[in-house]
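Dear colleague,

Please find below the structure that I am handing over to you, followed by an account of what was found in it.

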Amino acid sequence: LVAEIEKKIMEAFEMFDRESNKTVDVREIGCIVRSLGCFPNEAEVQELLAKIEVEEPGGFVHLEKFLPVMTKVLLDRRFRPIPEDIILHAFEALDENKCGYITKEDLVKHLTKE
Amino acid sequence: AFKAAVLIQQWYRRHVARLEMRRRCTWRIFQSIEYACEQDQIKLHNFFSYLMDQFTPSSSKERDFISRMFISGESYKEAELEKYCDYESIEVPDSYTGPRLSFPLLPDHATALLEAFQQKQQLHARYVLNLLHETRKHLKQLPNISHVSTCYSEEVTVCGDLHGQLDDLFLIFYKNGLPSPSKSYVFNGDFVDRGKQSLEILVILFTFLLIYPKEVHLNRGNHEDHMVNLRYGFTKEVMHKYKVHGKKILRMFQNVFCWLPLATLIDQKVLIIHGGISDTTDLDMLEKIQRDKFISVLRMKKRKESSRKPEIQAINGERKSGTDAAGNEAAPRLSLQPQSGQAPSTANRLEFSRWLRQTVQEQMDTCRRLMDISESEPEEPTYSSMVSLKDVDEPCWTHQEEWKQILDILWSDPMPQEGCRENKVRGGGCYFGPDVTEKFLEKYSLQFLIRSHECKQDGYEFCHNRKVLTIFSASNYYEIGSNRGAYVKLGPDLIPHFIQYQANKTAHTLTMTQRQGFPVALISRVEESAFRALREKLFAHTSALISAFKAYDGDNTGKITLSNWATAVESVLRLGLPWRMLRPQLVRSTEDNMLEYKSWLDDLAMEQRSQEHIQSSLLEVIYRNRSNLETIFRIIDRDHSGLISFEEFQQTWKLFSSHMNIELTDDGINDLVRSIDFNKDGNIDFNEFLEAFRLVKQCP
């Protein structure tokens with residue numbers, strides 16, 4: 001099972017490996033993790049990155065460092081998908097006027113308030 | 001509320017990431033299939049080697065048939081070419097409402113042509129030929145490397161591959177303006193093949209070339225090669241549009257292509273070539289080569305003294321073949337006439353291959369001998385369109401070196417790693433690294449390279465530390481929505497400015513949201529197309545896949561784990577694709593993570609409903625080798641009529657099936673023929689035949 005998980009991770013990693021040298025830009029890590037089925041928020045992604053050593057200068061992540069960390073994430077089933085009803089609640093929470101929709105501006109406002 | 005926002009953001013980012021991954025996977029699929037097709041050339045070459053060395057013809061008819069495949073070229077001296085492709089005798093009927101050209105050309109002619117083509121009119125054959133003659137005359141005076149200066153016209157616009165997509169050319173002219181004394185253009189090759197309007201593009205480009213010779217520059221691409229055209233559609237397009245004069249037109253194009261310049265240099269600082277460079281690229285040599293010299297497609301090295309089996313150097317399936325005339329004073333046709341006069345015993349295959357080689361060699365010698373007599377241009381003989389034999393004793397390294405220079409320029413691709421290695425994916429040129437680029441630029445005091453040859457999602461891409469720019473001008477190349485096209489403008493400061501576009505004649509069928517920012521539907525559509533192509537590939541390898549699966553299924557349960565599925569599929573298809581990521585799209589139903597592979601393969605076969613009655617293993621072979629089959633048919637069909645005789649069809653199959661190790665009886669072939677009703681007076685329309693075996697629907 002571990003071997004299979006590792007292969008999956010390597011495939012995803014490889015799609016972002018521009019120079020075919022087993023490294024990816026640190027900014028793509030979030031995308032890779034998510035495309036493997038995880039739903040981390042930004043803080044969690046940063047946490048993850050802290051665990052993986054990032055090569056300086058340039059901000060690259062090497063597959064060797066990424067693989068064990070990511071494998072554990074998948075084995076522990078962390079960052080599981082958010083159930084639909086919770087997302088719905090989230091939208092409702094932001095919908096102050098209770099009109100059933102949020103405008104793009106409102107959404108952007110809330111998302112950038114962090 | 002903050003928490004809510006975070007949740008939404010989480011969900012949204014995951015969504016975007018998934019889309020991005022899907023997009024990349026789709027791109028990968030298209031690219032790997034495209035390059036795998038180019039690899040097919042090598043398979044084709046193997047087939048010919050097989051014919052030469054291992055096949056024992058069972059009759060003299062068969063023997064003749066095979067030799068015809070190798071010696072199919074007709075050669076013409078330049079003067080004879082003009083006579084054969086004469087246009088003056090062609091009358092243009094009064095009923096013709098298309099543009100009428102007169103020479104020298106004027107800007108009005110160009111506008112007339114643009115308007116005509118926009119209205120789907122066709123230029124009369126006479127004018128096409130006339131244009132080609134004039135173009136040839138003009139190109140012959142040009143050097144191998146064109147020089148452009150930004151001090152004359154302020155900016156130079158460089159365009160990449162167009163591949164017969166006329167809409168993209170119109171879009172470029174619309175956005176950027178037509179060529180004129182104040183608007184210079186460089187078109188970097190691959191004007192033809194794949195798209196359906198290669199002819200129109202060439203007519204327009206050549207017209208502008210003649211009207212504004214100082215401002216318009218064309219570089220040769222790897223598709224400006226008649227052998228490539230046989231496979232990728234230009235030949236078909238011409239014959240379809242010009243049923244009477246098509247052959248002449250093709251001959252002229254063949255000749256014009258090899259007179260296209262090889263490179264363009266801007267301000268002595270920016271080099272523009274179609275493919276790339278290699279660590280041996282030598283601009284001085286390139287400048288001096290006689291670029292119109294014939295460069296063969298398949299080459300054979302001399303026979304090694306030790307082994308009786310001659311080495312066939314599978315350099316490339318497709319090369320630039322600047323076929324050129326040479327000549328036989330006596331007759332324009334070089335026919336197969338063994339000087340020795342003895343028919344070889346057909347039973348002995350070694351005899352046969354020796355005889356074949358000897359005969360071809362003799363033809364070469366005859367050519368060469370006659371060449372010595374003729375005092376006109378020192379042109380190399382046209383060996384055949386397929387084969388070029390090199391005399392053992394002749395010092396041929398110069399020729400070989402020259403040929404490699406051109407090959408590298410037209411076929412190479414940049415790679416991220418350092419070094420320079422053979423481009424096995426395409427079967428031609430090499431992969432060159434940033435160090436090669438650096439050295440090259442330094443050697444010739446250049447600032448950067450511009451090249452094309454590779455499709456890029458955004459129409460352009462930098463690599464090698466911004467020293468190499470790829471520019472690709474055919475939008476929606478793989479599928480509607482697959483990529484944008486782009487062109488680049490350079491001013492005296494030589495800083496590149498990009499303009500991107502996407503020809504959206506059919507994209508208007510997508511709704512507003514789809515086009516704007518949320519490309520889900522767009523990705524789905526392109527994805528669908530990619531997976532269709534992939535499923536066809538899988539189907540084409542059914543037998544090999546079954547064997548591979550069985551290897552993992554020792555207990556013969558008929559099932560295989562998904563993990564093993566991925567490994568097995570890659571080992572057969574060798575496309576380098578991320579199968580585990582693609583699996584959900586390819587494999588619908590699984591039980592306990594196990595796949596019933598037989599029924600999965602049956603489902604793949606089901607998509608080919610119309611051909612149920614044809615033996616599935618045969619079907620597989622057809623799919624797997626379709627493009628090679630097509631090329632072979634075209635070679636046999638010397639008139640470019642689209643028809644070959646039933647006998648030729650039969651013989652092709654027999655040869656092919658023995659090479660492929662399939663059993664195909666005469667009845668089997670007859671069934672094949674009868675199953676698809678394309679018989680025309682005892683001739684087979686092979687276009688229709690091949691169309692019947694297409695899983696992937698072509699876009700309108």
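Lys22(A) is found in the loop between H1 and strand E1 (23–25) of chain A; helices (H or I, at least four residues) and strands (E, at least two) are DSSP runs, numbered from the N terminus. Although Lys22(A) is not a glycine, it has a positive phi of about 65 degrees.

**Basis of the values**

This is a predicted model, in which local features need pLDDT of at least 70 and side-chain atom pairs count only at pLDDT 80 or more, while totals for chains, interfaces and linings use all residues. Residues are numbered from 1 along each chain as its sequence is written, chains are lettered from A and ligands numbered from 1 in the order in which they are written, and side-chain values use heavy atoms, with hydrogens and water left out.

**Confidence and domains**

The average pLDDT of chain A (the predictor's confidence in each residue, from 0 to 100) is 81, and 92% of the residues score at least 70. Among the elements of chain A, the mean pLDDT is highest for H1(A), at 89, and lowest for H6(A), at 71.

The domain assignment (bounds come from an automatic or database assignment) divides chain A into domain 1 (1–76) and domain 2 (82–113). The C-alpha centres of these two domains of chain A lie 30 Å apart. For chain B the assignment gives domain 1 (1–68), domain 2 (72–299 + 397–501), domain 3 (518–610) and domain 4 (616–696).

**The interface between chains A and B**

In contact (heavy atoms within 4.5 Å) are 33 residues of chain A and 27 residues of chain B. The two chains bury about 2,900 Å² between them, 67% of it on carbon and sulfur atoms; buried area is the accessible area (1.4 Å probe) that two parts lose on being put together, summed over both. In chain A, the residues that lose the most area to chain B are Glu11(A), Met15(A) and Phe39(A), together 23% of what that side buries.

Four salt bridges (a side-chain nitrogen of Lys or Arg within 4 Å of a carboxyl oxygen of Asp or Glu) are counted between chain A and chain B. One of them joins Glu42(A) to Arg13(B), with the closest N and O atoms 2.5 Å apart.

**A cis peptide bond in chain B**

The peptide bond from Phe103(B) to Pro104(B) is cis, with omega near 5 degrees. Pro104(B) has its place in the loop between helix H3 (78–84) and helix H4 (107–118) of chain B.

With kind regards
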